[in-house]
Protein chains: 4
Amino acid sequence: MRYKRSPLMEERLADNRQRILVAARKLVATGGFRAAQIAAVAAEAGLSTGSIYRYFPSKSELFVEVLGEAVRHEVEILRGIVKSEGSAADRLRRAVESFARRAFEGPFLAYAFIAEPADEEVDAERIRARREFGNVFKTVLREGIASGEFPQQDADVASACIVGAFTEALVGPIGPTHRGERRREEVIETISLFCLRAVVGAAAAPARGSVRR
Amino acid sequence: MRYKRSPLMEERLADNRQRILVAARKLVATGGFRAAQIAAVAAEAGLSTGSIYRYFPSKSELFVEVLGEAVRHEVEILRGIVKSEGSAADRLRRAVESFARRAFEGPFLAYAFIAEPADEEVDAERIRARREFGNVFKTVLREGIASGEFPQQDADVASACIVGAFTEALVGPIGPTHRGERRREEVIETISLFCLRAVVGAAAAPARGSVRR
Amino acid sequence: MRYKRSPLMEERLADNRQRILVAARKLVATGGFRAAQIAAVAAEAGLSTGSIYRYFPSKSELFVEVLGEAVRHEVEILRGIVKSEGSAADRLRRAVESFARRAFEGPFLAYAFIAEPADEEVDAERIRARREFGNVFKTVLREGIASGEFPQQDADVASACIVGAFTEALVGPIGPTHRGERRREEVIETISLFCLRAVVGAAAAPARGSVRR
Amino acid sequence: MRYKRSPLMEERLADNRQRILVAARKLVATGGFRAAQIAAVAAEAGLSTGSIYRYFPSKSELFVEVLGEAVRHEVEILRGIVKSEGSAADRLRRAVESFARRAFEGPFLAYAFIAEPADEEVDAERIRARREFGNVFKTVLREGIASGEFPQQDADVASACIVGAFTEALVGPIGPTHRGERRREEVIETISLFCLRAVVGAAAAPARGSVRR
DNA sequence: CATGAATGAGAATTCATTCAT
DNA sequence: TATGAATGAATTCTCATTCAT
């Protein structure tokens, strides 16, 4: 006795799927991958463990998607900024600050990016995520370099540096250790200035050796 | 009547301890913490699982030491550079390059720093490690700021940015997905220039809003 | 949509829990705590090792409950006898005989009381159990002393003596070495008489020294 | 190059053997069988683990002997009392008190008798030990019965009761729980009176049924 | 002979995944 | 379709016993 999937049913299915994703994200954000066992995700989502497997073929794939979803969302925002009006420097600054600000609000994302998941597949996704972020920044960098606004530089490496710089700088105040949220805006501004100077400050590069006196 | 521990025996003991540490490090470097079960470490070290426990009270403590040892060594080198002759900028550049170069040779280190271990204790050590690296760079930064060589900036945040920048930039070419070792020196130089400019380039910080036009 | 737990399921769950307890008890009774590994209990109960942990958080807690359950049952019966009609001496006698008789039928209990478990937590439970038995007998003793039926005596110590006396006397014919079940009723009566005389026989206590001649 | 065993050597051997036994006994007395691993015994004896195996073929046999030695010593003392002058009742009382007093001084013994060792062989020895104690008391009982001093009773069972009574009564104040040694002599006297009454108090046995009203 | 490092067979526990209801 | 109980492979850690030095 097979029924067609009614629209209502479709909706409920999509709903459950989403609830699982949300639950998984929340658990990782709260207690890291360690705390995100299938049973816990199921409980958080108000479903049974068995149901998780109706929507996701394995734990790995679930978390790959959790990460992917978060990244997609983040990248979308960043791309919006990058494509907006303004000088390359300004757009870069705004992108960094935007990311940082959200990282403060939902510590999950930034934290997950430096976390090695317990699983190879998820690991791969994590690296892909970092690369995607890099790509967004690479775009601005290239535009800035092309327009002469930024000095010549390896955009691949520099964009990775940017991602690393703010990721790391955020982990300190965001990670499990520090919970005090003091100086939020200060930290954000310092980070963005750091990245900006790194990219813009052409004159800074000391002639090899000459500096050493 | 108690026999003295012969020098030969002493050596073998120290040897085994070292072999365990080396084996553990190698496994982490190769396959991440995932691959580093006690049984695997024992096999790699050419010992039995039981023997691991003669030298280390628990898996956690073993890996805390693996990390700690690597960090101590690295920090020592960096501190040497930081305390050497030269301008702050030059010392900073050399420190970054030195680190990056070694990271290329022994991918383990840089990789372990972004790895979330399966264990809370090791996790704590990992965070401590990152902070220690930050501290080294903070020293140069402060000196540079004090001498007027660097512009005013939050040394705490900036040092974290530096660590993050090169860590991240290295993970790409170093991590599990690394695509050949091409451009090694180029990458290293780009990274160090990035950090240098970020720290030195005072003029770069665009007045808030003015840039946006 | 959450399904209700069907009565059938409920039953099976309670069933499994009970089966585990029974299996554990049986193994202890048969081969002592030595023979009662989780794997063995699981096999005996017709379950997997993992399932044990769905019902009990740890091996210790399982055995604490095994003991506790047995003791609770036993104490209940004894208390019933103690609270019934009759002279203190009679109730005491009946309590002892009742215990002894059951000990013959299910050697487990008496045997477990002298077993030192491999686990501190269970050990504590075992000691608590002995004390509980003692308390039951203490009640009759006190009543008998108060009514003048028994001579003045330290009820704490005497009740422990009673528990020890019949426990020990039963271990012989009951323990792993037991040589057939001959003389069951004889043994039971002898034990109860022993205890009774010990408690009742006021005149018996020889004046200190006078006897020695 | 085999030397004859010099008397000196013999002595040292015997010495070591004894030291191992003493060390083992001490550890059991202090921390129970749980605490008496071979390594611990070796350390306590000032020897190597390997040496333990020169003197004892296995852990079991070591502890069988530890128990056996303690029992032999105890039995010797008790037999001395039993064979001394005096009425059966008096000798019985003195034997019980003597045992109890020593149990207070070295809690090990009494405690070990109710402890189930981790090992089948030791277990067997433990049971044998209890029987041996019983035998000593059986001797006095029989003499008392024969001389008419004690009423007719099953000496096998009664002697077991005696051993159980004082063992149990001692475990309370002696075991891991109570450390306060208050009332030492009181307890001892109460126990011995209990046993005495149990054995002597002929009149006490209520006519079956008559008591029940 | 003495040593104590090395061994490795267990034992407890966890958790992703399956499947009868 | 949803459930969650059951599974059992995988992993850490312990400790009696052996054996090269």
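Me: How do the residues of the surface near DNA strand F divide into nonpolar, polar and charged?

Reply: In this predicted model, the surface near DNA strand F has 17 polar, twelve nonpolar and six charged residues.

Me: How many residues surround DNA strand F, and which are the closest?

Reply: There are 35 residues around DNA strand F. Ser48(A), Gly50(A), Gly50(B), Gly50(C) and Gln37(D) are the closest.

Me: Which residues are the closest to DNA strand E, and how many surround it?

Reply: DNA strand E is surrounded by 36 residues, with Gln37(A), Gly50(B), Gly50(C), Ser48(D) and Gly50(D) the closest. Two or more residues come from each of these elements: helix H2 (38–45) and H3 of chain A, helix H1 (7–31) and H3 of chain B, helix H2 (38–45) and H3 of chain C, and H3 of chain D. By class, the surface near DNA strand E divides into 18 polar, twelve nonpolar and six charged residues.

Me: Now helix packing. At what angle do helix H4 and helix H7 of chain B pack?

Reply: An angle under 35 degrees counts as roughly parallel. Helix H4 (residues 59–83) of chain B packs against helix H7 (residues 120–146) of chain B at about 5°, with the axes 9 Å apart. H4(B) is therefore roughly parallel to H7(B).

Me: Which residues of H4(B) and H7(B) meet?

Reply: On H4(B), they include Phe63(B), Leu67(B), Val71(B) and Arg79(B); on H7(B), they include Glu125(B), Ala129(B), Phe133(B) and Val136(B). The contact of H4(B) with H7(B) has twelve nonpolar, three polar and five charged residues.

Me: What is the arrangement of H4 and H7 in chain A?

Reply: Helix H4 (residues 59–82) of chain A and helix H7 (residues 120–146) of chain A cross at roughly 5°, and their axes come within 9 Å. H4(A) and H7(A) are therefore roughly parallel to each other. Among the residues that meet are Ser60(A) and Val75(A) in H4(A), and Glu132(A) and Thr139(A) in H7(A). Twelve nonpolar, three polar and five charged residues make up the contact of H4(A) with H7(A).

Me: Where is Arg102(B) placed, and is Arg102(B) buried or partly exposed?

Reply: Arg102(B) lies in helix H5 (residues 88–105) of chain B. A residue counts as buried if 20 or more other C-beta atoms lie within 10 Å of its own, and as exposed if 12 or fewer do. Arg102(B) has 16 within 10 Å, so Arg102(B) is partly exposed. The C-alpha atoms of Arg102(B) and Glu74(B) are separated by 9.0 Å, and the two residues are 28 residues apart along the chain.

Conventions: Residues are numbered from 1 along each chain as its sequence is written. Chains are lettered from A and ligands numbered from 1 in the order in which they are written. This is a predicted model: local features need pLDDT of at least 70, side-chain atom pairs count only at pLDDT 80 or more; totals for chains, interfaces and linings use all residues. A residue is near a molecule or strand if its C-beta atom, placed from the backbone, lies within 6 Å of it. Ala, Val, Leu, Ile, Met, Phe, Trp, Tyr, Cys and Pro count as nonpolar, Asp, Glu, Lys and Arg as charged, and the others, Gly among them, as polar. Axes are lines fitted to C-alpha atoms, for helices over the stretch in contact, and angles run from 0 to 180 degrees between N-to-C directions. Helices (H or I, at least four residues) and strands (E, at least two) are DSSP runs, numbered from the N terminus. Angles under 35 degrees count as roughly parallel, over 145 as roughly antiparallel, 65 to 115 as roughly perpendicular and the rest as oblique. Two residues are in contact if their C-beta atoms, placed from the backbone, lie within 7 Å.
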